[in-house]
Amino acid sequence: MIAFLGFALMQGLGSLLRALLTRERVSDCLRSPASWLLSLGLIFATALGPAGFLCGVALLLGVRHTPRSPSMHSPGLPWGAFGAVCLVVLARPWVPTQWDEFVWLGKARFESLGFGVGVQMALDPAQGVIPPGYPPLWPLAVGWLSLGRDTLDAQVVASSVLLLAAAATALEAWWPLLEAQRARRRFAVALALASPYLWVHARSAYVDLPVGLLGLSVLGFLVTDRAPLACAAAVVLSGVKDEGLPHVLAATVGAFALKRQRAVVPRLAPALLAVLVVATWRWLLHANAVGLLDHSVNAPALTWTPTLARLLAHHMADLMTWGVFWPAALAVVVSSARHQAAPALRATVVAGLIFIGFALVLGAERVRVFAENGTLINRLLVQWWPAAALLVWFELTSSAPNAGTQASATPTA
């Protein structure tokens, strides 16, 4: 119960801050799954010390002044169906079952020594925290939801609660468009069941699926004219994993693919905040002489490009892992758009696959070796599964061009 209490406190704090900044009703903010992002982003900025002050101020300004629709919460979410998902996710052994879980949960234990200790450890080369230079927010958040208790079951449950919070946030972000096709939810169930590898990550403490869900949230909030919530999601996403920034940038590309939106500032604000968070963290790493072994940028290994194409094709076509999902998703990507949100999702997925290529071709040699011999490609595909799955779902359930309801109202400010 510790993790649930910790999340309730985070949701409550985020709701109060959001109500103060946006003048929404506190009750509406409490019902909105996205409110936890605001408090988590501000707590993270505080944990970074003086260097994080600018990030915190920028987040508050983004939430307060970014143009938005009159109402930012999505009423009528399908909590019954979501509760069934919660049962599936939480019905796992409350101990690590996969090797990377030991890494993420091990770093979450630092917060039992005091607030922000995880940041201090990550910035101390003598501590040997692995992987060196990784953004620290996910293990920090697990420790905070555990309320500083160094108990493995609380930390495992906390990681699952964060995953479910990311899923609820993505659902809220897209609900104005999803609600119009609620009678076809069976297609969503079929999509999920058609991707066996998804359920492995849904019941683990790995961070790839939450990253994909938060990236989808950023795009959904931009598409439905709720840029303040997109800003909060972007700050959290960029602090969770190095791949967070590409997800925010891809969502920005997707938002610009919808020509009906005219305002530039709301669409750019999340990306600017994400760049600020990443730049702050990279500056802290440089100031503390912490090297980047895995996610450094190097000269492009262009001769490795055919290998990358072969690896992507091999993993996407693996029936035991993905079923027929990725071949179907790629077919939808190259087809003509029918749903109004399809251009945004299509641009986001394409940009995401391009970012995967850039990250591997420009990355360290050891990462390319891992991609050839490990599970890296599939884990990157997990990150882009939410956007690709929603694109497939919209296309399968849309019977006419521009099917679906219009997104929320034009921004008032």
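Where is the place of alanine 289?

Author: Alanine 289 sits in the loop between α15 (265–287) and α16 (305–316); a helix here is a DSSP run of H or I, at least four residues, numbered from the N terminus. Before we go on, this is a predicted model, so to speak of a local feature takes a pLDDT of at least 70 and to count a side-chain atom pair takes 80 or more, while totals for chains, interfaces and linings use all residues. Residues are numbered from 1 along each chain as its sequence is written, and side-chain values use heavy atoms, leaving out hydrogens and water.

Alanine 289 has a phi near 60°, a positive value in a residue other than glycine. Most residues other than glycine have a negative phi, and most peptide bonds are trans. Alanine 289 is also exposed, at 61% relative accessible area (over 50% is exposed, under 20% is buried and in between is partly exposed, using a 1.4 Å probe and protein chains only).

Tryptophan 304 is in the loop between α15 and α16 too, but this residue is buried, with a relative accessible area of 9%. What does tryptophan 304 touch, leaving aside its neighbours within four places in sequence? The list is Leu311, Leu360, Val361, Arg368, Ala371 and Glu372, where contact means heavy atoms within 4.5 Å. Take leucine 360 from that list: tryptophan 304 and leucine 360 are 56 residues apart in sequence, yet their C-alpha atoms are 9.0 Å apart in space.

Follow Leu360 and you get to leucine 376, which touches Leu360, Val367, Phe370 and Ala371, not counting residues up to four places away in sequence. Leucine 376 belongs to helix α21 (residues 376–397) and is buried at 14% relative accessible area.

Leu360 also takes us to the largest nonpolar core, which has 136 residues. A core here is a set of buried Ala, Val, Leu, Ile, Met, Phe, Trp, Tyr and Cys residues joined through side-chain atoms within 4.5 Å. Those with the most contacts inside this core are Trp36, Trp174, Trp326, Leu345, Leu360 and Phe394. Helix α9 (residues 152–178) gives the most to the core, with 17 residues. As for Trp36, its partners are Phe7, Met10, Gln11, Leu162, Ala165, Ala166, Thr169 and Leu214, again not counting residues up to four places away in sequence.

Now for a helix that is mostly covered: α8, where nine of its nine residues are buried. They are Leu137, Trp138, Pro139, Leu140, Ala141, Val142, Gly143, Trp144 and Leu145. Helix α3 (residues 35–47) packs against α8 at an angle of about 110°, with the axes 11 Å apart; each axis is a line fitted to C-alpha atoms over the stretch in contact, and angles run from 0 to 180 degrees between N-to-C directions. That makes the two helices roughly perpendicular (65 to 115 degrees; under 35 is roughly parallel, over 145 roughly antiparallel and the rest oblique). In that contact, Leu40, Ile43, Phe44 and Ala47 of α3 meet Leu137, Leu140, Ala141 and Trp144 of α8. The residues of this contact divide into eight nonpolar, no polar and no charged, with Ala, Val, Leu, Ile, Met, Phe, Trp, Tyr, Cys and Pro counted as nonpolar, Asp, Glu, Lys and Arg as charged, and the others, Gly among them, as polar.

There are backbone points to look at on either side of α8. The loop between α7 (117–122) and α8 (137–145) holds proline 131, and the peptide bond from isoleucine 130 to that proline is cis, with omega near -15°. Just after α8, leucine 147 takes a positive phi of about 55°. Aspartate 225, in the loop between α12 (208–223) and α13 (227–240), is another non-glycine residue with a positive phi, near 60°.

Lysine 259 is exposed, at 75% relative accessible area. Its C-alpha is 9.6 Å from that of alanine 344, 85 residues apart along the chain.
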